Amino acid sequence: MNWERLGPTFTEALAQTAYMLFWAMLVGGLIGLAIGVGLYVSRSGNLLSNRVVFAVLNVAVNIVRPIPFIIFLFAIGPLTKAVVGTTIGTEAATFAMALMAGFAFSRLVEQNLVSLDPGVIEAARAMGASPLRIILTVLIPEALAPLILGYTFLFIGVLDMSAMAGYIGGGGIGDFAMVYGYQQYDWTVTYIVVGVIIVIVQLAQLLGNYLARKAMHR
């Protein structure tokens, strides 16, 4: 690898990946938390039981989650154009990543909340706590450790999505590996990028495990 020639480009690709990961995780995480909580509380017999709301959210998640991300990128082109103003570039890729991450995370949130002891929620309701108060002070805190682990799992998935951003000119280290590694038969570049991705994933997993342990013993 000619570092003098490719070094600045590689640094820029890392910055693009960091940008996409930060915003996709932040926005996608909030979207997923909101949808996941909505799925849980609107279930039959729960805090805000509503069959219509649950059905709409459930169908929406089931429709979006199975779509391969590369197809999803192009399928939401008109929406991306309306929101971001363009269908190409880092911002467009980040928007698609945030949406996909949100729907993916929502199911993890719902599953973790469903596993909570119903007695804890019933006790809070018996004391007169409002649904919003129960959500903020009981549901989310009680499920915090598994939610952190789910968020860590989401991070790895979003990093995988970022590798496909190059298809719409989003850049990133995945695109760098394709253009300067695979397409130019420079396996050193490819292996360096693979190594960087492995390091990022390992650090994220270590941090997620640490925070989950802290949450469990709070």
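# Ring pairs, pockets and a helix side

Reader: Is phenylalanine 105 buried or exposed?

Author: This is a predicted model. Phenylalanine 105 has a relative accessibility of 4%. Buried means under 20%. So phenylalanine 105 counts as buried.

Reader: How many aromatic pairs does a search of the whole structure find?

Author: The search covers the whole structure. Its count of aromatic pairs is six.

Reader: What kind of pair do the rings of phenylalanine 105 and tyrosine 151 make?

Author: Their centres lie 5.6 Å apart. Their planes meet at 70°. Planes over 60 degrees apart count as edge-to-face. The pair is therefore edge-to-face.

Reader: How many residues apart are phenylalanine 105 and tyrosine 151?

Author: Phenylalanine 105 sits in helix α5, residues 90–114. Tyrosine 151 sits in helix α8, residues 144–162. The pair links distant parts of the chain, and the separation in residues is 46.

Reader: Which residues do ring pairs link into a cluster?

Author: The links here are ring pairs. The cluster holds Phe10, Phe176 and Tyr180.

Reader: Which of the residues that line the largest pocket are closest to its centre?

Author: The largest pocket holds about 320 Å³ of space. It is lined by 15 residues. The closest to its centre are Ala104, Phe153, Leu154, Gly157 and Met161.

Reader: How many residues of the lining of the largest pocket are nonpolar?

Author: Helices α5 and α8 each supply at least two residues of this lining. Two lining residues are polar and three are charged. The nonpolar count is ten.

Reader: Which element gives the largest share of the lining of the second largest pocket?

Author: The second largest pocket holds about 260 Å³. Its lining has 14 residues, with Ala163, Gly174, Ala177, Val193 and Ile197 closest to the centre. Two or more lining residues come from each of α8, α9 and α10. The largest share is five residues, and it comes from α10.

Reader: Where do the buried residues of α9 lie around the axis?

Author: The buried residues of α9 are Ile173, Gly174, Phe176, Ala177 and Gly181. They cover an arc of only 155° around the axis, so they lie on the same side of α9.

Reader: Which elements do the buried residues of α9 pack against?

Author: Helix α9 covers residues 173–182. Its buried residues pack against two elements, α1 (3–41) and α10.

Definitions and conventions:
Residues are numbered from 1 along each chain as its sequence is written. This is a predicted model: local features need pLDDT of at least 70, side-chain atom pairs count only at pLDDT 80 or more; totals for chains, interfaces and linings use all residues. Side-chain values use heavy atoms; hydrogens and water are left out. Rings of Phe, Tyr and Trp (its six-membered ring) pair if their centres lie within 6.5 Å; planes under 30 degrees apart count as stacked, over 60 as edge-to-face and the rest as tilted. Helices (H or I, at least four residues) and strands (E, at least two) are DSSP runs, numbered from the N terminus. Buried means under 20% relative accessible area, exposed over 50%, partly exposed in between (1.4 Å probe, protein chains only). On a 1 Å grid over the protein atoms alone, a cavity is a set of points where a 1.4 Å probe fits but cannot get out, and a pocket is an open set with protein on both sides within 12 Å along at least five of seven lines; lining residues have an atom within 4 Å of a point. Grid points are joined across faces, edges and corners, and a volume is the space filled by probe spheres set on the points. Ala, Val, Leu, Ile, Met, Phe, Trp, Tyr, Cys and Pro count as nonpolar, Asp, Glu, Lys and Arg as charged, and the others, Gly among them, as polar. The arc is that of the directions from the helix axis to the C-beta atoms. Contact means heavy atoms within 4.5 Å.
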